[in-house]
Amino acid sequence: MKKILIGSLLATASFTSTATLVEMKTSQGVIEINLFDKQTPKTVSNFLSYINDGSYNQTVIHRSINDFVIQGGGFTFSDSLDPITVKPAVVNEPVFSNVKGTIAMAKKSGNANSATSQWFFNMADNSAGSPKLDTQNGGFTVFGQITAASQVTLDKIAALVHCKEMPVVNYTTAQCSSSDATMSNANLVSIESISIVNDDPDSSQGLTAVVNTLIKKDTSSSNSSSSGSLAWILGAFLLVLPRLKQVK
């Protein structure tokens, strides 16, 4: 596995970090992600295991909330959202802060060590707002950071029409609520593939990693009922799917 060195800023201290660079090809564009191998090794190893066996190929972005997160890694789509096969849960590693431009693991409500396949991109500084992702449910593990150019793809996804929380392509809000509406995979934002790419020295420019300093100060929300906001299964969202039939 090839590596690149990135200069990271941790709070007020600088240090050198090793990062694996992966490329996520979506139907809306490419997202490049530098993974924090040394600081979150269990989480990175877990993420790479899903990449290496192709589990993320042809999955969909199933959740997008304005100025909050874009979430995927959990489902393919046929007649409905079909969950992918998941591996054993990974131990939580809340080292870095959930600031804009980072990728973190989703998990079950009330269980800090329950992350498996699902991840989300932070579309804003979610470290200490509402909810406080740096402390909620034991803190959400940030394990990578996108390159600056990749934000364009995420913004493009966020700007799409949404059926409930799912971004859709060539689809209207009226169709989202219609009982006669039909949907195909072409209407969804798909993850075509995620792969490890060659070293790119320019990918290190402008990357920063901010330490999660809140997790040590505030554990009061670690088992908060609101921690289900980034859970594996999104029950409220799934209510819309029976009204959408797949085009064969």
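This is a predicted model: local features need pLDDT of at least 70, side-chain atom pairs count only at pLDDT 80 or more; totals for chains, interfaces and linings use all residues.

Visitor: Why is the contact of D53 with K87 called a salt bridge?

Guide: The closest N and O atoms of D53 and K87 are 2.5 Å apart. The cut-off is 4 Å, so the pair counts as a salt bridge. D53 lies in the loop between α1 and β4, and K87 in the loop between β8 and β9, so the pair ties together parts 34 residues apart in sequence.

Visitor: What makes R63 buried or exposed?

Guide: Its relative accessibility is 6%, and buried means under 20%, so R63 counts as buried. R63 also forms a salt bridge with E165, with 2.9 Å between the closest N and O atoms.

Visitor: And why is E165 called partly exposed?

Guide: E165 has a relative accessible area of 24%.

Visitor: Why is the pair of F120 and F140 called edge-to-face?

Guide: The ring centres are 5.8 Å apart, within the 6.5 Å limit, so they pair. The planes sit at 75°, and over 60 counts as edge-to-face, so that's the name. F120 is in strand β10, while F140 is in the loop between β10 and β11.

Visitor: How do you know that K87 sits over the ring of Y50?

Guide: The charged end of K87 is 4.0 Å from the ring centre.

Terms used:
Residues are numbered from 1 along each chain as its sequence is written. Side-chain values use heavy atoms; hydrogens and water are left out. A salt bridge is a side-chain nitrogen of Lys or Arg within 4 Å of a carboxyl oxygen of Asp or Glu. Helices (H or I, at least four residues) and strands (E, at least two) are DSSP runs, numbered from the N terminus. Buried means under 20% relative accessible area, exposed over 50%, partly exposed in between (1.4 Å probe, protein chains only). Rings of Phe, Tyr and Trp (its six-membered ring) pair if their centres lie within 6.5 Å; planes under 30 degrees apart count as stacked, over 60 as edge-to-face and the rest as tilted. A charge sits over a ring if NZ of Lys or CZ of Arg is within 6 Å of the ring centre and within 35 degrees of the ring normal.
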